[in-house]
Amino acid sequence: MNMKLLQGKTALITGASRGIGRDIALKFAEQGANVAFTYLSSVEKGQALEKELEAFGIKAKGYRSDAADFKAAEDLVNTVITDFGTVDVLVNNAGITRDTLLMRMSEQQWDEVMNANLKSVFNLTKAITKPMLKQRKGSIINMSSVVGVKGNAGQSNYAASKAGIIGFTKSIALELGSRNIRSNAIAPGFIETEMTDALDPKVVAGWREAIPLKRGGTVADVANATVFLASDMSAYITGQVLNVCGGMLT
Ligand code: NAP
């Protein structure tokens, strides 16, 4: 029998209308998971993804929900539990950038990034804890960044939010390990998306050259690592940060 890696599991993925989150949703569905996912502004893309996911023969549903809003996250989890019965995997993927040097950074740029990237992880994790504790299993996967490990000029707000995610991830692993709930982070490096397509090709070529594997990452590279951490293949792995960066930090 050809058993799929996530057969019978239900996943909730934040920010899946585009980019990395979208590919995670597709790879999860391909591996047999039922997929609940969120978006904020990309309503049409969210609805289109729902159809694409259903083609894998699994249950899929998109929800418009602001991960930065505590009450909205609580309501979302309650609705998803009603619709799907359970959530085995939470992927906190939603994130934004508001890049600028500290000297020019406004309080609003700081707050927006901290709320969308870090508070969102608290909001969703807090809400999902109750059902996961009841079923005595769960895998929580938080999307950090190499920038959270290393720092980056012009991204002090983003780097702080992504470093904060790592501290949160490890603390939750310690708090909930005895209940068979795992908590890990993924730190993607330079992932080539529509966003990076807009950059100067010379700059991108320079980045590629500095990476040991001599290429930028793909959304699939990150999604595959996420499938691993969601599956029982990683049953004894918790509290870790998995760098998916082509060796960039080595
Ligand atoms: P992206 O293409 O900009 O997609 C971001 C997704 O998050 C979209 O689906 C967006 O929904 C959603 N989102 C943003 N704010 C939200 C909120 N408050 N509530 C709910 N959904 C929200 O980003 P990406 O490049 O795929 O990045 C995904 C994650 O990986 C982020 O956490 C990012 O920091 C991290 N990461 C990316 C890279 C990279 O090179 N791309 C590297 C390291 C880490 P709407 O479309 O509806 O706005």
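The following legends describe close-up views of a predicted model.

View A. The ligand is surrounded by 25 residues, of which S17, I20, S41, S42 and Y158 are the closest. An oxygen atom of the ligand lies 2.8 Å from an N or O atom in the side chain of R18. In the case of D66, a side-chain N or O atom is 2.8 Å from a nitrogen atom of the ligand. N93 takes part through its backbone: one of its polar backbone atoms is 2.8 Å from an oxygen atom of the ligand.

View B. Two or more lining residues come from each of the elements α3 (70–84) and α4 (107–135). The largest contribution is that of α4, which supplies eight residues. Sorted by class, the lining contains five nonpolar, four polar and four charged residues.

**View C. Course of helix α4.** At K119, α4 bends by about 40 degrees. How far apart are the end C-alpha atoms of α4? They are separated by 41 Å, which agrees with the 42 Å that the 29 residues of α4 should span at 1.5 Å a residue. Just after α4, R136 adopts a positive phi of about 55 degrees.

Note on methods: Residues numbered from 1 in each chain as written. Predicted model: local features only at pLDDT ≥ 70, side-chain atom pairs only at ≥ 80, totals over all residues. Heavy atoms only, no water. Helix = DSSP H or I, 4+ residues; strand = E, 2+ residues; numbered from the N terminus. Nonpolar A, V, L, I, M, F, W, Y, C, P; charged D, E, K, R; others polar. Expected span 1.5 Å × (residues − 1). Bend = angle between axes of the 7 residues up to and from the residue. Near = heavy atom within 4 Å. Polar contact = N/O pair within 3.5 Å; in protein donor to acceptor, adjacent residues only side chain to side chain.
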